[in-house]
Amino acid sequence: MAPPAETRVFLEVRRRLQSALLILGEPKEGGMPMDISITPSSLQVRTPGGCTEICLPAEVRLVPSSGHGLQYVAGDGLHLRLQARMEFSTKLTSMFNQSSEAQDCCTFYCQSCGEVIIRDRKLLRVLPLPMENWGALVGEWCCHADPFANKPLHPRENDCLIGDAFYLVNLRSDTWQPSPQKPKANTKVICKRCKVMLGETMSSETIKFYMTEVIMQPSERNFPIIPRSQFVQSTVAQCLVELSSARSTFRFSVQGHDSKPYILLWLLNSDSLVIESLASSRSVKKFPLLEDILKADSSSAQNAVKVLYQPCIKSRNEKLVSSWESDVSVHPLTLPSATCLELLLLLSRNNATLPPSLRCMNSFQVAFLKM
């Protein structure tokens, strides 16, 4: 007996606009009659082959009578726009605020394997660093010789300085020390267990840990097991949102620690909530946003940032890369090179899950990164 026909349901809700885009994909057997029922709290699609039902999170309510712009798009299915009401605030918690809370002791873990990197570190001060190219602006501030020349900002003992996507930590009081390979030069800091690059040594006492590789939290808490893809998406999404808010920049050049560009990113919006489902003959109550596998008990949709991107590996988009590199409004975001490739893979996979009409915008590809 043939399996029931599947109907894809894709819903993007914009919090600020209080609107929603609903796309109902075609069943595998094209041209099949479809009965669509929309209530404030659920969506139901019936075909001769089965029924697809999505129960919305309690925070999201649709306005069925507001439906407009119904159209058929080849390859996608039916498009319908609706008004939506979201009864909760999804304001992003700042990574800096999370890290700068007064803590008795913090422990740094390798995110990939859980190895303890720094145990029970007492942080008396957690401070944000100025923008990475702050030194180039000193000439505009001072009427005399640069007082900061050749004076890098390094943390004191019991300090943690927070950059765009990294922590600077002083290791003077720690027994754990990296194994420097080249004196007076930046060297990689490698996890002793899984051999992942965690950061770089900046001086004999200062280590730069990348936020995508390390988890810092109060020592009384256990190590949180977070899927790697989920952690990378969430961390990068938060970095993009915070940098765009603090510096009014929406274009980013993601580069490796070797300074090679890997991805050009353009932040479109940070107020999306995406609910996506492949139908079956039973009720579908989970929301597989951007991930192939989610916990079976998933009961809420995910907030996401919507980005445009272009890969830069293997000399792709050289003219565009050159143009962005010379543009002062483009902000560089440095990550380990392996993580840049991970991020590119995630973006490509996320792009492939979108309805075909949403995958491209002008010459860029489109993806969502969940927060």
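Biologist: On what basis are features reported, and how are residues numbered?
Modeller: This is a predicted model, in which local features need pLDDT of at least 70 and side-chain atom pairs count only at pLDDT 80 or more, whereas totals for chains, interfaces and linings use all residues. Side-chain values use heavy atoms, with hydrogens and water left out, and residues are numbered from 1 along each chain as its sequence is written.

Biologist: How many helices and strands are there in the chain?
Modeller: Helices (H or I, at least four residues) and strands (E, at least two) are DSSP runs, numbered from the N terminus. By that rule, the chain has five helices and 22 strands.

Biologist: What percentage of the residues in the chain is buried?
Modeller: Buried means under 20% relative accessible area, exposed over 50%, and partly exposed in between, with a 1.4 Å probe and protein chains only. Of the 371 residues in the chain, the buried share is 47%.

Biologist: How many salt bridges does the count come to?
Modeller: Side chains of opposite charge can pair when their charged atoms come close. A salt bridge is taken as a side-chain nitrogen of Lys or Arg within 4 Å of a carboxyl oxygen of Asp or Glu. The count by this rule is ten.

Biologist: How many residues apart are Arg125 and Asp159?
Modeller: Their closest N and O atoms are 2.7 Å apart, in a salt bridge. Arg125 is partly exposed at 36%, while Asp159 is buried at 4%. The pair links strand 10 (residues 125-128), with Arg125, to strand 11 (residues 159-162), with Asp159, and the separation is 34 residues.

Biologist: How many disulfides does a search of the whole structure find?
Modeller: A disulfide is a pair of cysteine sulfur atoms within 2.5 Å. The sulfur of Cys191, a buried residue at 1%, has its closest cysteine sulfur in Cys113 at 3.6 Å, too far for a bond. For the whole structure the number found is zero.

Biologist: At what angle do helix 3 and helix 5 pack?
Modeller: Axes are lines fitted to C-alpha atoms, for helices over the stretch in contact, and angles run from 0 to 180 degrees between N-to-C directions. The axes of helix 3 (residues 228-247) and helix 5 (residues 337-353) are 10 Å apart. Angles under 35 degrees count as roughly parallel, over 145 as roughly antiparallel, 65 to 115 as roughly perpendicular and the rest as oblique; helix 3 and helix 5 are therefore roughly perpendicular. The angle is about 95 degrees.
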